[in-house]
Every structure is written in structure tokens, then in C-alpha cells.
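Please keep the sequence and the coordinates at hand while reading.

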Amino acid sequence: WLGEPLEQVNQPNSETVTAMERTWQGLASFARDLNCSVVFIHRGVDVPDKGDYRNAPVHEVVKRLAKKVPDAGRFFDPSHILGPKMRDDIVRATVDAMRMTVGNEFLYTGVLVETGTSLTDTDQHITIEELRVMLGEISKFRKLGGPYLPSEGN
């Protein structure tokens, strides 16, 4: 999915264009041709050197994508990035990701996080109370809004 080692492509000054970036740019171009809104969801990448992550985060790849497709939404999905092994880090990692910037803008325009008591994937869900804490922390440095809804007709 990356085409290059994780440590190489996830560096701030990497000039590598990953297979992931080429795919996302192609999808954005296709969606624009159809007059559709574009939203990317960063769920991490499944690579051998991901450590305890379910899927390794590649924030630097997303930053490069934000520069190339600035009008697209970018959502951070900590449940699928951290997964069950790192479930207790979801709130902190989400707050950290929501602080990230590219230029003068926040890198991520939203969060997609599993919350509640579903009987599936319960080890990667946060509780409603953890969601309250997470939103309280994020609201200290960002204005919170409702769910992202594409414009009418898109």
C-alpha cells in the first residue's frame, strides 16, 4: 500500500510519493469529475513494521495529500489505527492528531471513532465518558461542529 518502508515515507521531508497517495489523488480526481465531495478517512496502513498499532498511522502522508488535494475532507480513524492493543491510547492519540496542522490549517477536518457498547470490535471502542473527555480536550483548541454532511446534490 505504501510501496516504500514506513519509516521512509512517514518523514516530514520525504519526497516519496506512495502508492496510497497516488490512489487517493486518482480517486479525488475521479470524484471531482462526477461533481462529488471528497473525504479521505485515514485508517492507517497494515505494514510489517507497525508495532502494536492495528494499522500504522502515516500523518506525514496525509499532510502531503492535504497539500495536493486541499479541498478534500480528512478524517482520522483512531479505532482502526490503534485497535485493541492500544485501545487505552485512543483518546490521547485523537487529541494529538486533531492538533496537527498543515500550513495554517488543521490537518484533520474530523474524527471517525467507534464509541459505545457494540458487540463487534468492542476492544477498539471508547466509552461515552471517554468521548466526552476527548471532545472536551479538543474543544480547548478547536471549534467543534456537527457531523460532516456533503453539500446538497453531491
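A residue is called buried at under 20% relative accessible area, exposed at over 50%, and partly exposed in between, with a 1.4 Å probe and protein chains only. The model is a predicted one: local features need pLDDT of at least 70, side-chain atom pairs count only at pLDDT 80 or more, and totals for chains, interfaces and linings use all residues. Residues are numbered from 1 along each chain as its sequence is written, and side-chain values use heavy atoms, with hydrogens and water left out.

The backbone arrangement comes first. Strands of a sheet pair through backbone hydrogen bonds, either parallel or antiparallel. Here, three strands form an open sheet in the order E1-E2-E5, and their pairing is parallel. Strand E1 (39-42) and strand E5 (110-111) each have a single partner strand and stand at the edges, so one side of each lacks a neighbour in the sheet. Strands (E, at least two residues) and helices (H or I, at least four residues) are DSSP runs, numbered from the N terminus; two strands pair if DSSP finds at least two bridges between them. Between E1 and strand E2 (residues 73-76), which run parallel, there are four bridges. Within this pair, Phe40 lies opposite Arg74 in E2.

The charged side chains follow. Side chains of opposite charge can pair when their charged atoms come close. A salt bridge is counted when a side-chain nitrogen of Lys or Arg lies within 4 Å of a carboxyl oxygen of Asp or Glu. The structure contains 10 salt bridges.

One of them links Lys63 with Glu60, whose closest N and O atoms are 3.5 Å apart. These two residues are three apart in helix H3 (residues 59-68), and therefore about one helical turn separates Lys63 from Glu60. Both Lys63 and Glu60 are buried.

Helix H6 (residues 128-138) holds Glu129 and Arg132, again three residues apart, about one turn of the helix. They form a salt bridge with the closest N and O atoms 3.4 Å apart. Glu129 is partly exposed, because its relative accessibility is 47%, whereas Arg132 is exposed, with a relative accessible area of 55%.

In the salt bridge of Asp88 with Arg87, the closest N and O atoms are 3.2 Å apart. Asp88 has 68% relative accessibility and so counts as exposed, while Arg87 is buried, with a relative accessible area of 15%. Finally, a network of salt bridges links Glu21, Arg64 and Lys68.
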